[in-house]
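Hello,

Here is the structure I promised to pass on. Please open it first, then read my notes below.

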Amino acid sequence: MSGLLEADVLVAGGGMAGAIAALAARRAGRAVALVRRSPGATALSSGAVSVAPDLGALAGEPLASRRPPLEAAARLAAARPDHPYAVVGTARLGEALAFACEELAAALAPFDDRRRFLATLYGSAVGAGLCQRANVAGDLLSVRGLLAVAGFAGHAGFDARLVAGGLGRYVARGGPEPRAVEVALPAGLGALARPHELAGALDAPGAAEALGDALRAALPAGARAALLPPVLGLDPGARAVERVAARAGVPVAETLSDVPSVPGLRLWRALEARLAAAGVRVVQGELAAAPAPGEPVRAGDAMIQAPVWILATGRFVGGGIARRGVLAEPALRLAVQAAEGREAGVHLAVRPAASLTSRDRRRPQPLLSAGLRVDHALRPLDERGRPVHPGLHAAGAVLGGHEQATDGTGLGVAILTGYLAGLAAAEGR
Amino acid sequence: MARPGALAYLAWRALVAHPLKRLFKWRGTGLDRFRAAYVAEGLAPAEPARRAAAEAASACISCGLCETGCDLATATPVVRALGLHAAFRLYSRTTMDLALAGDALERCAGCAGCEALCPTRVPIARVLAALRGGGVGPGRGGRPG
């Protein structure tokens with residue numbers, strides 16, 4: 001066991017919210033320690049960074065008529081007072097998103113407050129506020145003319161005809177004309193390789209170039225861009241997408257992914273690399289029965305002492321909220337709140353978790369939006385609505401009030417609340 | 001009249017013959033009787049250790065992150081492509097389907113590279129040991145009984 005590690009800010013959780021909080025506090029000049037157990041839900045990301053859906057949009061409207069992310073987030077905050085966007089306000093959302101894109105520039109495309117329509121593996125389009133560099137050229141609104149959807153011969157994880165067929169539905173709404181083609185994988189890239197293996201192999205010198213040549217040979221005449229399976233490189237620094245595109249002669253993008261997700265792993269790698277480069281002390285482990293900010297706490301093999309803590313432990317996948325009959329916050333035993341319609345409070349969270357679901361799956365599910373309630377400075381509140389501790393902040397999916405996996409605001413909330421919690425923690429020190 | 005005769009016969013069976021048979025004819029232990037009735041349907045009896053492993057495995061969300069730390073180097077290409085966590089997905093369905101993952105389980109080198117990657121803290125090595133001990137894996141072909 002090592003000695004006592006002293007820091008200005010302790011961040012618990014290494015997903016998007018925790019990493020952005022650590023980087024924001026680090027940029028403000030604080031010494032930051034980050035404790036994380038394993039890759040969290042951020043490593044399951046599809047590649048799209050959902051900021052805010054356009055709640056007023058109608059099915060069938062032209063894609064270009066959807067509201068841009070910042071305006072959609074402001075409207076969502078006005079409509080849903082419990083949502084983290086409403087609690088902390090969306091005034092600094094643009095600043096937070098730009099910060100995240102700058103810090104994670106290896107993986108994420110720059111933020112320009114435009115909604116990009118990205119194809120999924122199943123041929124539907126997702127309107128994302130941010131996306132990875134590997135997705136940019138596949139924005140359905142940016143391709144004018146023919147979009148080649150290229151599958152790999154023998155690769156079972158991607159059905160080009162399914163994707164092209166699905167994207168055909170968007171032609172009338174301003175999307176490009178899709179056409180499925182098949183590309184023979186160059187020697188050395190096995191079609192039966194698992195997605196992350198294929199992606200890793202493409203990072204190697206020469207492999208992406210060989211795929212680009214094969215793609216060029218398979219492209220139909222007049223193709224303006226090519227959409228490939230989500231396996232275009234695992235290492236954000238290897239720039240596999242750009243290398244494939246340079247040889248293919250057209251802009252190249254990948255679709256969004258299902259799990260196990262190469263884009264998610266790429267995003268996770270970019271987070272890890274940035275944390276190391278920024279000088280954040282990353283500790284592998286788990287906060288064990290944490291007392292309160294300011295007191296030494298054990299994490300893995302280390303003892304850490306910091307006057308300000310940021311809890312970014314995630315929701316159910318990350319383990320920030322546990323379901324043990326009833327809902328609980330395991331690290332600090334904070335009060336978990338759930339909301340059902342207009343009724344909200346800790347009394348709902350002490351009910352059996354199974355009673356917090358609704359049979360109609362299109363209705364809001366109280367269980368899925370349960371989490372911590374915080375004030376405008378992201379300090380968790382106790383049962384009576386008072387901050388638990390002046391030096392304790394929370395960010396990301398551990399916050400209640402949003403269905404982070406399904407309501408289209410998950411990573412946007414992680415970035416905004418992570419950024420604000422990091423700044424607040426840096427000031428509070 | 002056949003009816004009183006039939007009723008008397010049924011009463012004799014229910015009240016005298018059957019209880020006497022239950023008393024004096026040995027039909028095996030409860031476990032034997034469970035096996036006789038259910039094993040053909042793929043329901044193997046669960047010992048406490050195995051049941052604990054099943055509960056631990058139920059935290060699996062099939063995200064596949066463990067696959068990225070799993071080599072499965074000696075498996076055939078098709079088994080590798082399916083991956084070891086296919087065993088978990090099959091496990092969550094029925095023990096009958098689990099036999100399909102026998103080959104993958106057999107090829108697991110026990111490197112434990114997967115466990116640190118699991119976001120929901122499934123004790124993967126312990127679950128695999130229970131699966132192998134419970135009728136799936138080397139030489140057993142996964143068939144119960």
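**What I found**

In chain B, 31% of the 145 residues count as buried. Keep in mind that this is a predicted model.

Stay with chain B for a moment. It has eight helices and zero strands. Along the sequence, the pattern of chain B reads α-α-α-α-α-α-α-α. Now take the contacts in chain B between residues at least 6 apart in sequence. Of these, 68% join residues at least 24 apart.

Next, the core. In soluble globular proteins, nonpolar side chains tend to be buried together. The largest nonpolar core here holds 178 residues. Which of them touch the most other members? They are Val9(A), Ile20(A), Ala21(A) and Ala226(A). Helix H11 of chain A, residues 410-428, gives the largest share of this core, with twelve residues.

Have a look at Ile20(A) in particular. Set aside its neighbours within four places in sequence. Ile20(A) is then in contact with Ala100(A), Ala414(A), Ile415(A), Gly418(A), Tyr419(A) and Gly422(A).

Last, find Ala79(A). It sits in helix H2 of chain A, which covers residues 69-79. Is Ala79(A) buried or exposed? Count the other C-beta atoms within 10 Å: there are 12. A residue with 12 or fewer is exposed, so Ala79(A) counts as exposed. Leu55(A) is 24 residues away from Ala79(A) along the chain. Their C-alpha atoms are separated by 9.3 Å.

Best wishes

Notes: Residues numbered from 1 in each chain as written. Chains lettered and ligands numbered in written order. Predicted model: local features only at pLDDT ≥ 70, side-chain atom pairs only at ≥ 80, totals over all residues. Core = buried A, V, L, I, M, F, W, Y, C linked by C-beta atoms within 7 Å. Buried ≥ 20, exposed ≤ 12 C-beta atoms within 10 Å, placed from the backbone. Helix = DSSP H or I, 4+ residues; strand = E, 2+ residues; numbered from the N terminus. Contact = placed C-beta atoms within 7 Å.
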